[in-house]
Amino acid sequence: MIFLEQFFQKLNDNDINYCVLRNYERLPLSTNGSDLDILIRENHLSLFNKALAESLIETNGAIVSVIESKICPRYCILGLGTDPWGLMIDLFLDKIIYRSQTIISEEAIWENAYLHNSICVLNQRTDKLIALIKELLNNKTCSEKYYNSFVEEGLEKNFLYSIFKPIGKLSTAEALMDCAQGKYDQTEIERLVNQLNSDFPERWNSPFLKANKLKRLLHKPGYTVALLGTDGSGKSTLIDNVMPVLKETFHNAVYYKHLRPSWLPPLSHLSGREQKQAGPVINPHASQPSGFIGSLMRWVYYFADYLLGYYVKIFPKKSTKACAFIFDRYYYDYYIDKCRARINLPDWIIRLGQAIIPEPDIILCLGADPLTIHNRKPELPLPEIDRQITALKKFCSRHKRAIWIDTGKNIEDSSKDALKEIMKMMAKRFEFFKLQ
């Protein structure tokens, strides 16, 4: 990744004290699908941010989400170019803190750092120790893999004492040394969890942390993206191309949704008529729309899912975590393809619902020449495809969050167009956050 090469070159050229904590084997070419955990001296923060800002400008990247913190700020980055890319950076300042307490001191980090491909990184045994502690404190258990990796790399008395003596936690060192006498089993894990919880008890969040979480409601770190288009417009293929880049940006916190939040089950499931779809839908208009009463009941049921389902399933993550929800179709299908939705209601009722439900942050309207789409997927007659494209263009021209994406091009170009619009929307939300 060109960004990583330039970024680390700038860190080195500016004599910035940094240390990559894990997953550095393929740096500076790649993070191998992981996020970038990096620790710096806090008095080098302005130099670090300057290097990051310059690297983003030079590689056509942008910060699209930020979790602000005085302990470990998090930056989500999306970049365009020959090959679109994404990256999440977890930035530790001076030391590694958990539960508002130091678990690895600044001195211990630098004592266990070395150069790998001209990049300052943390040695394996310290990395394995941190991974084990976080697993035990976060999950109150750990897999055999984490346990055995630590035992193989880190069971050396002088090493453990050098880590925990500076922070006054010799009892932690002693508890970890006892792993030499035991083996991985539930009793052993419970012993370690109890000791770590005693040495690093949970504490109430500080007023700063609470205020920081409230601030996220104004600049939500998560997003919702909806893709609209008739069958054959390229929704599935474009989603398949866009999602891997967004997963890199948000470190796998990308969630696919079809049409609705799906807090409520499909009506066919409630009635016992649900059938599993073995392949693509070959006749999306096979079922006739319900009458007015049936359509109204169906609309009310799904409207509740769009409204309540959003606040139950989408909002809690979107307002607190760096993430993205990708919707294949959305509520607007009730305008554009009423027959598929089996809802035959006046447009004013549909518009009433739209005025109430939470809308996506961006709506990508996909379309091309009707004949091109029909040749790709002839499940719908050509006149119906033409009608839907006309309706979608009309919707797109009137909705301020809607962007037209021409999918008559090759899929790579259409995907880049979509990512460009997504990046522009996301970066705008965090224009207030300046790297200085």
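Analyst: Buried means under 20% relative accessible area, exposed means over 50%, and partly exposed lies in between (1.4 Å probe, protein chains only). By that rule, buried residues make up 49% of the 436 residues in the chain. The model is predicted, so local features need pLDDT of at least 70 and side-chain atom pairs count only at pLDDT 80 or more, while totals for chains, interfaces and linings use all residues. Residues are numbered from 1 along each chain as its sequence is written, and side-chain values use heavy atoms, with hydrogens and water left out.

The chain has 18 helices and 14 strands, taken from DSSP runs numbered from the N terminus (helices H or I, at least four residues; strands E, at least two). Its C-alpha atoms fill a box of roughly 75 × 50 × 40 Å along the principal axes. Contact means heavy atoms within 4.5 Å. Of the contacts in the chain with a separation of 6 or more, 73% join residues 24 or more positions apart.

Two helix pairs show the packing. Two packed helices are described by the angle between their axes and the distance between the axes. Axes are lines fitted to C-alpha atoms, for helices over the stretch in contact, with angles from 0 to 180 degrees between N-to-C directions.

The axes of α10 (residues 235-249) and α18 (residues 411-429) cross at roughly 50° and come within 9 Å. That angle makes α10 oblique to α18 (under 35 degrees is roughly parallel, over 145 roughly antiparallel, 65 to 115 roughly perpendicular, the rest oblique). The crossing of α10 past α18 is right-handed, that is, the near helix is turned clockwise from the far one by less than a right angle, anticlockwise being left-handed. On the α10 side, the residues that meet α18 are Thr237, Leu238, Asn241, Val242, Val245 and Leu246. Their partners in α18 are Ile411, Ser414, Ser415, Ala418, Leu419 and Ile422. By class, the contact of α10 with α18 has eight nonpolar, four polar and no charged residues (nonpolar: Ala, Val, Leu, Ile, Met, Phe, Trp, Tyr, Cys and Pro; charged: Asp, Glu, Lys and Arg; polar: the others, Gly among them).

Histidine 251 has a positive phi of about 50° although it is not a glycine, and with a relative accessible area of 31% it is partly exposed.

In the second pair, the axes of α6 (157-164) and α7 (residues 170-177) come within 8 Å and cross at roughly 150°. α6 and α7 are therefore roughly antiparallel to each other. Their crossing is right-handed. Lys157, Leu160, Tyr161 and Phe164 of α6 make the contact with Leu170, Thr172, Ala173, Glu174, Leu176 and Met177 of α7. By class, the contact of α6 with α7 has seven nonpolar, one polar and two charged residues. The buried residues of α7 are Thr172, Ala173, Ala175, Leu176 and Met177. Besides α6, their cover includes α4 (124-139), α5 (144-154) and α8 (186-199).

A helix residue elsewhere is serine 55, in α2 (residues 45-58). Serine 55 counts as buried because its relative accessible area is 0%. Apart from neighbours within four places in sequence, serine 55 is in contact with Phe3, Gln6, Phe7 and Lys10.

Beyond residues up to four places away in sequence, phenylalanine 8 touches Tyr18, Val20, Leu27, Pro28, Leu36, Ile38 and Ile119.

Among the contacts of phenylalanine 8 are Leu27 and Pro28, and the peptide bond from leucine 27 to proline 28 is cis, with omega near 5°. Proline 28 is in the loop between β1 (18-20) and β2 (36-40).

Arginine 99, in the loop between β6 (96-98) and β7 (101-104), has a positive phi of about 55° although it is not a glycine. Arginine 99 counts as buried, at 14% relative accessibility.
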